[in-house]
Amino acid sequence: MTEEAGIAIGDGIATITLDNPPVNALGAGLRGALMTALGAALHDPGVQVIVLTAAGRTWPAGADIREFGRSPGAPSLPELCQAVAGSAKPVIAALHGMVLGGGLELALAARVRLAEPGTELGLPEVTLGILPGAGGTQRLPRLIGAKRALGLMLSGLPIGAARAEELGLVDAVTEGGSAAAAERLARAYLAGEAELPEVEEQRRRVDPRAWLLAVAAARSGLGDPQLPAPGRIIDCVEAALLLPEDEGFAFERAAFEDLVATSEAAALRHAFLAERRAAKQPDLAHVKPREIHNVGVVGGGLMGAGIATALLGAGCSVTLVERDGEALAAGLARVATHHERAVAKGRLSPEAREAEWARLAGATGLAALAGSDLVIEAAYEDEAVKAGIFAELDRVARPGAILATNTSYLDVNRIAAATARPGDVIGLHFFLPVQAMRLVEVVVGAETAPDVIASAFALARRIGKVAVRAGVCDGFIGNRILTAYRTAADFLLEDGASPYEIDRAMVAWGFPAGPYQVLDMAGLDISWARRRRLAATRDPARRYVAIGDRLCEAGRLGRKAGKGYYLYPERAWQGVEDPDVLALIAAEREARGIVAREVTAAEIQDRVLAAMANEGARILEEGIAARPSDIDLVMLLGYGFPRWRGGPMLAADQAGLLALRKRLVDYAREEEAFWRPAALWEELIKNGRKFADLND
Ligand code: TC6
């Protein structure tokens with residue numbers, strides 16, 4: 001049964017069980033049911049204590065995120081929490097699973113909190129651009145102190161049950177099920193054998209000076225001024241000390257209402273839901289993935305070693321293959337380094353490292369992969385090299401093995417054609433550094449079998465990655481949009497902006513680094529090689545900016561060469577602006593007869609967004625991505641697109657499709673082929689729809 005709060009009464013105890021699978025989100029239905037059950041328990045003269053517990057795998061993991069931005073049905077979560085806090089009969093909350101957000105606020109309103117080992121508690125609202133708006137900013141600092149409360153609310157990270165007990169966030173961690181423990185406590189209380197903590201005591205413990213110091217310290221540590229939620233959380237904690245209780249709650253409520261309506265919060269919600277939506281593949285609903293235990297990884301470079309490490313961490317046995325003993329030793333050493341770092345950071349125990357290492361083998365020939373269930377090729381990005389590997393894999397791999405390529409641009413169909421089993425071939429595009437980047441583009445070829453696609457999704461989840469499905473084209477979803485982004489930037493560079501102005505504009509917009517900083521970091525030779533690969537098929541009528549080529553010809557290959565778009569004295573991490581680059585750009589403009597014009601930061605940002613969203617629209621039209629939110633997710637997780645902007649398609653929705661299309665039409669007068677708006681813009685505008693309407 002869904003959205004229920006069942007009530008069982010016996011021996012003076014009312015046990016209310018929340019039931020709203022999968023995570024007991026506190027949507028309007030469940031809130032209403034709980035309010036009714038609470039009313040019944042309060043009204044029943046036989047009930048003296050109320051135990052609140054949840055069915056299924058978790059206590060409520062929060063408010064229902066899908067309700068934000070719409071008018072919430074009554075009762076609201078703050079009303080519900082007030083009803084629990086004001087209950088004349090003591091309420092004992094029996095916690096398990098993920099006690100998050102509004103779920104933790106509900107627990108905070110109870111008189112007693114008992115948790116099972118393994119329970120995690122946290123207030124992740126800040127990651128959604130909002131704040132705990134159901135009394136959390138007021139009750140939590142009183143319970144555990146302002147400094148710790150701020151730490152939890154500003155980081156958004158959960159803590160374990162034992163730590164929660166240390167902080168006083170839960171009263172006890174109990175073995176044998178929290179609901180049973182809560183009933184035992186209720187019985188003992190009714191028998192006069194146990195006391196329950198008094199809420200009033202929390203108020204007496206407050207130290208105003210420490211509280212204000214914590215508030216001041218948090219304010220001085222505030223980061224990104226573009227995100228309003230952290231500042232508002234701190235204001236609320238201050239208000240909890242300075243204002244009378246009712247006014248504190250009202251202050252928090254007003255701040256929550258402000259935040260939930262911001263475009264940042266809408267974007268962060270979109271990102272959360274996009275991650276879950278990407279996993280939904282209706283055509284695969286009844287397809288069983290293949291079993292994957294033994295995996296071969298071809299190539300022990302940064303990518304291959306990173307993939308191998310991730311697979312070992314998920315319990316797979318891995319055989320790493322390199323072309324010779326020296327390269328193999330280097331590859332295995334990379335895995336060992338990843339392990340050492342993980343142990344040093346406490347993310348991996350020494351015993352687990354031994355176990356993982358025992359599951360790793362090395363080989364110098366593909367024949368060693370005869371027993372693999374899956375082979376992931378992470379060799380040099382060259383079609384002939386990859387086709388050669390796949391032809392040999394076809395000879396050695398067992399029937400039914402999945403053969404995956406980690407190509408970032410190349411044609412997966414052509415690689416598949418090097419085998420006699422294209423149905424078993426798929427692209428798995430991982431991102432560097434593999435341990436930190438959560439994205440995998442699952443590139444589905446024309447003949448890839450459904451159970452191979454399902455296996456890729458299952459594997460991605462197993463190794464903690466988010467899989468996004470993409471079709472075959474040059475660059476799939478992410479690199480194709482990145483190319484459009486860089487092309488728009490290059491046009492501006494040739495028209496009059498400096499690389500430094502463009503980088504600053506994009507950083508100001510929210511990217512962690514600008515396009516030329518990223519190019520310098522990755523190495524300019526990578527994109528140069530690709531441009532040379534595509535040179536033969538390039539349309540000569542299209543505008544081509546050769547500034548990047550000129551830099552490479554001058555040996556300016558980026559940070560590793562000590563110079564690229566920036567200068568890196570002593571290989572410094574941060575580059576400095578270089579007048580030689582400006583001179584090189586000026587010479588290139590002159591050679592093309594271009595007179596440099598003034599370019600503002602706003603124009604840079606507008607053009608880059610328009611280019612990305614237009615490429616996204618083409619990707620949708622061609623069926624390369626199934627939904628706009630998949631495109632957004634790729635850019636958020638793989639390319640540093642600011643999460644609080646939601647990705648290029650949501651940013652386009654927020655900027656207004658009509659205005660953006662008009663801009664594209666204007667730009668297309670300069671360069672028709674690149675800027676021509678995809679037909680999808682007009683179709684959406686005519687029907688009064690947005691990209692977001694195509695998500696479901
Ligand atoms: C808040 O509470 C604010 C309060 C102030 C109020 C005034 N709402 O992630 P999974 C769905 S803010 C709606 O795949 P896991 C999810 O969409 C909220 N739906 O599972 C998915 O649906 P699908 C604070 C939710 O085991 C299904 O549940 N809370 C919500 O990998 C399974 O999810 C949070 O930010 C929700 N709150 O991870 C917690 N949560 O099956 C957000 C989940 O239709 N949730 N769903 O695709 C999480 O972090 C994780 O879901 C998890 C479980 C750790 C609870």
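Predicted model: local features only at pLDDT ≥ 70, side-chain atom pairs only at ≥ 80, totals over all residues.
Visitor: How many bridges join strand 4 and strand 6, and in which sense do they pair?
Guide: Strand 4 covers residues 91-95 and strand 6 covers residues 112-115. They pair in the parallel sense, over four bridges.

Visitor: And what is the bridge partner of Ala94 in strand 6?
Guide: The partner of Ala94 is Leu114.

Visitor: What sheet does that belong to, and in what order do the strands run?
Guide: It is an open sheet of six strands, in the order 1-2-3-4-6-9, with mixed pairing. At its edges are strand 1 (4-10) and strand 9 (172-173), each of which pairs on one side only.

Visitor: What do strands of a sheet pair through?
Guide: In general, they pair through backbone hydrogen bonds, and the pairing is either parallel or antiparallel.

Visitor: New topic: the ligand. How many residues surround it, and which are the closest?
Guide: The ligand is surrounded by 27 residues, and the closest are Arg57, Ala61, Ala63, Gly102 and Lys280. By class, this shell has 14 nonpolar, nine charged and four polar residues.

Visitor: What lies 2.8 Å from an oxygen atom of the ligand?
Guide: That is a polar side-chain atom of Arg57. Backbone atoms also take part: a backbone N or O atom of Gly102 lies 2.7 Å from an oxygen atom of the ligand, and a polar backbone atom of Ile65 is 2.9 Å from a nitrogen atom of the ligand.

Visitor: How much of the ligand's accessible area does the protein cover?
Guide: On its own the ligand has 1,000 Å² of accessible area, and the protein covers 80% of it.

Visitor: Which helices each supply at least two residues of that shell?
Guide: Helix 3 (102-109), helix 11 (245-260) and helix 12 (263-278) each do, as does strand 5 (98-100).

Visitor: Let us move to strand 14. Are its residues buried or exposed?
Guide: All of residues 402-405 are buried. Ile402 and Ala404 point one way, whereas Leu403 and Thr405 point the other way.

Visitor: Through which helix does the chain cross from strand 13 to strand 14?
Guide: The chain passes through helix 16 (residues 383-396), and this β-α-β crossover is right-handed.

Definitions and conventions
Residues numbered from 1 in each chain as written. Heavy atoms only, no water. Near = heavy atom within 4 Å. Polar contact = N/O pair within 3.5 Å; in protein donor to acceptor, adjacent residues only side chain to side chain. Areas by Shrake-Rupley, 256 points an atom, 1.4 Å probe, with all protein chains shown as cover. Nonpolar A, V, L, I, M, F, W, Y, C, P; charged D, E, K, R; others polar. Buried < 20%, exposed > 50% of the residue type's maximum accessible area, 1.4 Å probe, protein only. Right-handed = clockwise from strand over helix to strand, strands pointing away. Pairing = 2+ DSSP bridges.
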